[in-house]
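Please read them with the structure open.

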Amino acid sequence: MLHLQNYIGGQLVPPVSGQYLASVEPATGQVFAQIPDSGAEDVAQAVQAAEAAFPAWRRLPAEERGRLLVRIAELIERDLDRLAYAESQDNGKPVSLARTVDIPRAASNFAFFGTAAQHFASETHFQEGVALNYTVRHPLGVVGCISPWNLPLYLFTWKIAPALAAGCCVVAKPSEITPYTAFLLSELCIEAGLPAGVLNIVHGTGQAAGQAIIEHPAIKAISFTGGTKTGEHIARTAAPMFKKLSLELGGKNPNLIFADCNLAEAVATSLRSSFSNQGQICLCGSRIFVERSIYEPFKAAFLEGVAGLTVGDPQESGSRQGALVSEAHLQKVLKYIALGHQEGGRLLAGGQRVQVPGRCADGYFLQPTVFEGLAPNCRVNREEIFGPVVTLTPFDTEEQVLEWANGTEYGLAATIWTRDLNRAHRVAHALHSGIVWINTWLHRDLRTPFGGMKNSGVGREGGLEALRFFTEAQNVCVKL
Ligand SMILES: NC(=O)C1=CN([C@@H]2O[C@H](COP(=O)(O)OP(=O)(O)OC[C@H]3O[C@@H](n4cnc5c(N)ncnc54)[C@H](O)[C@@H]3O)[C@@H](O)[C@H]2O)C=CC1
Ligand SMILES: O=C(O)/C=C/C=C(\O)C(=O)O
């Protein structure tokens, strides 16, 4: 049995309470690790360590801070196989996905922000003979980073790396459901020689450890990714304390397929955008709208692709779909499938729990599921399911599909499939969506602003946006 520890002040330490939580492998339903059940005292120690480390860390030249981050990226790359296996064991995702997406991206997050630290420049405003204004960007101090279970190391590092690059010290909490790779990261940070206290990782539940982070008066900002309800609670707690907030929340993303698209590419990519990571990515396109004239050919090709998505042991190379993250989450998704039937949907594929033989007999597996015939404004088409469930709906006009696409409380990501450039831009600009992909999906350039409109969040991550978030701008005006 693995025993994970907190990483505070450069040391791996047990929780103050001595209490641990069980961590379950979703593919087998068996407990495989114990994780610290940390609380306010552990968070207080982490904040103290971060405050002590801050003056030296902020003074360190950006180049040296960057070198340390790049060193961590190299260690992640060195340990690719071990980290991918750990991520799969903890989350249920196929090892092949963790190996090609999650872990390489975690390394890229550190490499990107390691070098970005040196390119982060501030503005000057020169009025000849009058005044020179320049902006100084001060690191905020100690910041909190709280991440979810769907892309564990990928999203954990997406927050930590820019905070460290900007000169902040961090108290971070991974999801209690998937803590393993965050623990392995703490070992790599020690090996990389990251100064003690610069990054502190506290494990535990949202209600105890997470709550202590968002309430701590010395934590100046919270960067959070997770459910919209949790985001709301964080905003209610932290905003009156005047903490800066970056909230990346849920999505109910539309996938708009016009008749002039490259059908083969639209089908292949829609299979990925529907079912990657068992549909547990906030960017997944769960509402597929297809122009009526190609609805039947699209449907036939899509369903043929779905039939080829083997559900199986995530450690086996042939498995395209792994386990959902927990029994509770599987039950939530199954309730939405039942709701799809109640709301009048016709099941075209899936809909059932899968019993995988052998070591995975008690795992949380579900067939990739496709409905058609649901009203665009029904609950299944409005609420975030966060699982392998998509709906197909034919549309007749651009106006109609835009109204449906924009008709939810979310506004995170959208995908458009068309060969008509004018339409692509026109539709993109009309979508209430923080990210729009045209003829592609999840094509990521880490320099771009990343985040959602409406209930999908507040603020933007990525590139300079993230470095700005973790710093406070100060205007200095010199009379000439
Ligand atoms: N990226 C996304 O868009 C994600 C969306 N979700 C959605 O949210 C639903 C619920 O999933 P959960 O695991 O419960 O997500 P969650 O939003 O509760 O958890 C995300 C993180 O927030 C922490 N947290 C929870 N309560 C907190 C509090 N009071 N203060 C500070 N931190 C707190 C958790 O410990 C975890 O680290 C999912 O079914 C899905 O629909 C979940 C995970 C990721
Ligand atoms: O930054 C990315 O590339 C992806 C982010 C995905 C999420 O925030 C999510 O699924 O929660």
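1. Start with strand β8, residues 142–146. In this predicted model, 5 of its 5 residues are buried, so β8 is largely enclosed by the rest of the structure.

2. Look at both faces of β8. Val 142, Gly 144 and Ile 146 lie on one side, and Val 143 and Cys 145 on the other. All of these residues are buried, so both faces are covered.

3. Which strands pair with β8? One is β9, residues 169–173, which runs parallel to β8 and is joined to it by 5 bridges. Here Gly 144 has Val 171 of β9 as its bridge partner. The chain gets from β8 to β9 by way of α5, and this β-α-β crossover is right-handed.

4. β8 also pairs with β11, residues 221–225, again in the parallel sense, over 4 bridges. In that pairing, Cys 145 stands opposite Ser 223 of β11.

5. Now the helices. The axes of α4 (residues 95–119) and α5 (residues 152–165) come within 8 Å and cross at roughly 10°. Angles under 35 degrees count as roughly parallel, and α4 and α5 are therefore roughly parallel to each other.

6. Who makes the contact between α4 and α5? From α4, the residues include Ile 103, Ala 106, Phe 110 and Phe 113. From α5, they include Leu 153, Tyr 154, Trp 158 and Pro 162. Asp 102 and Arg 105 of α4 also take part. By class, the contact has 12 nonpolar, 3 polar and 2 charged residues.

Definitions and conventions: Residues numbered from 1 in each chain as written. Chains lettered and ligands numbered in written order. Predicted model: local features only at pLDDT ≥ 70, side-chain atom pairs only at ≥ 80, totals over all residues. Axes fitted to C-alpha atoms, helices over the stretch in contact; angles between N-to-C directions. Helix = DSSP H or I, 4+ residues; strand = E, 2+ residues; numbered from the N terminus. Parallel < 35°, antiparallel > 145°, perpendicular 65-115°, else oblique. Contact = placed C-beta atoms within 7 Å. Nonpolar A, V, L, I, M, F, W, Y, C, P; charged D, E, K, R; others polar. Buried ≥ 20, exposed ≤ 12 C-beta atoms within 10 Å, placed from the backbone. Pairing = 2+ DSSP bridges. Right-handed = clockwise from strand over helix to strand, strands pointing away.
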